[in-house]
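Subject: Structure handover

Hello,

Here is the structure for you to work from. Please look it over before reading my notes.

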Amino acid sequence: MTHKLLLLAGDGIGPEAMAEVKKLIAVMNEMGHAFETEDALVGGCAYDAHGAAIAEVDVAKAMAADAVLFGAVGGPKWDGVPYDVRPEAGLLRLRKDMDLFANLRPAICYPALASSSSLKQEVIEGLDILILRELTGGVYFGEPKTITDLGNGQKRAVDTQVYDTYEIERISGVAFELARTRKNHVTSMEKRNVMKSGVLWNEVVTATHKAKYSDVKLDHMLADAGGMQLVRWPKQFDVIVCDNLFGDMLSDVAAMLTGSLGMLPSASLGAPDEKTGKRKALYEPVHGSAPDIAGKGIANPIAMIASFAMCLRYSFDMVAEADRLEAAIASVLADGLRTKDILSDGMREVGTAEMGDAIIAKF
Ligand code: NAI
Ligand code: MG
């Protein structure tokens, strides 16, 4: 069976990081896998080519693909372009059309990098947690969303947090299913003490657990206390599930426990197709287009390669290959190879391509 991948490398270091994944895919195809890839433009380069952050035909290709690999978009070159066609609009359009409501952000501490964390080594060593953020609802999209002039020299800004039962049900379902493939533990975070949406969140997660997932251990935590616990003793968690806003903040906190932006992958999943059961999915590094280092061949490709490992795991059920790829990354780091962003004393500095080649050689 062929696996159809749409590759949207984007701008800046996006194409440099994607080039390493392309090499890996070629090697996997030589091993007998059947990935079929197609490249398309997104972001600033798409705007330059056809005046939109993504062309309609490419949105259609993303919808039809088994998975989308996304690099990064944006850069100073496009700072002045109209809001609706700014590079980020390409990503937002894909998230909306593909209905990618579940954002997975792992925070993994590679043993070789444990000593470079800002936390004590014993707190961080062996860390492997997953933050699951609801991505299409909540306060970023809720109406009303306004700034009103009150006429007395004051203005009033309103944002609205809205969640419906089905939205909480589907994200908590993903959390419990992911937990079953990991340490079987979900921690749900909200603020039910001060927010009605927190009350409903807690209620629906509890009901979903009782109805279908009572084999999974479930804890509830207030999101502010959760932030504290993430820094105090992150290894108490396995899967953390939360709304869009808390997820945005907590995933950034968790990510930085383990070091560089250049190491962090992510996945965004949609609802299962009614006929095939397959989820639409987009995989991307957490970092942006890094214009300050673009074109120099020094970007860390690990976030992009680890995003492809997530693609193997979650879109194609290729668990053994995903495990092997993650082990290859850990092994290359253990050998002392470092791109500039993670370089420390006594380690060997390598460029983007050399890091990619070393990982592929160990795969
Ligand atoms: P950034 O993530 O691009 O860069 C922040 C810092 O981290 C820079 O110093 C950069 O050199 C470094 N860095 C990032 N990824 C790296 C890697 N793989 N290897 C080595 N160093 C790395 O964020 P910034 O500077 O805030 O944004 C730059 C552009 O990227 C902006 O136009 C922004 O809008 C866009 N952006 C796009 C995102 C996306 O495509 N999803 C996400 C975040 C920002
Ligand atoms: Mg953020």
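Below are the conventions, then what turned up in the core, the strands and the annotated sites.

This is a predicted model: local features need pLDDT of at least 70, side-chain atom pairs count only at pLDDT 80 or more, and totals for chains, interfaces and linings use all residues. Residues are numbered from 1 along each chain as its sequence is written, while chains are lettered from A and ligands numbered from 1 in the order in which they are written.

**Core**

The largest nonpolar core has 101 residues. (Such a core is a set of buried Ala, Val, Leu, Ile, Met, Phe, Trp, Tyr and Cys residues joined through C-beta atoms within 7 Å. Buried means 20 or more other C-beta atoms within 10 Å of the residue's own; exposed means 12 or fewer; partly exposed is in between; C-beta atoms are placed from the backbone.) Val68, Leu69, Leu132 and Ile305 touch the most other members. Helix H10 (residues 302-314) gives the largest share of this core, 11 residues. (Helices, H or I, at least four residues, and strands, E, at least two, are DSSP runs numbered from the N terminus.)

Leu132 has contacts beyond four places in sequence with Ala102, Leu104, Ile171, Val174, Ala175, Leu178, Val239, Ile240 and Val241. (Contact means C-beta atoms, placed from the backbone, within 7 Å.)

**Strands**

Look at strand E11 (residues 265-272). Six of its eight residues are buried, so the rest of the structure largely encloses this strand. E11 runs antiparallel to strand E4 (residues 102-108), with three bridges. One pair there is Asn103 with Ser268. E11 also runs antiparallel to E12 (residues 279-285), with six bridges. (Strands pair if DSSP finds at least two bridges between them.) Pro272 stands opposite Arg279 of E12. Six residues lie between the strands of the E11 and E12 hairpin, where Gly277 has a positive phi near 80°.

**Annotated sites**

Which residues does the UniProt "binding site" annotation cover? The unreviewed entry lists Arg95, Arg105, Arg133 and Asp224. They spread over 130 residues of sequence and up to 27.4 Å between C-alpha atoms. UniProt positions are in the numbering used here, feature names are shortened, and annotations may be inferred rather than shown by experiment.

Arg105 sits in strand E4. Arg105 counts as buried because 23 C-beta neighbours lie inside 10 Å. Beyond four places in sequence, its contacts include Arg133, Ser251 and Ser266. Asp224 is in helix H8 (residues 223-232). With 13 C-beta neighbours inside 10 Å, Asp224 counts as partly exposed.

Best wishes

How values were computed:
Two residues are in contact if their C-beta atoms, placed from the backbone, lie within 7 Å.
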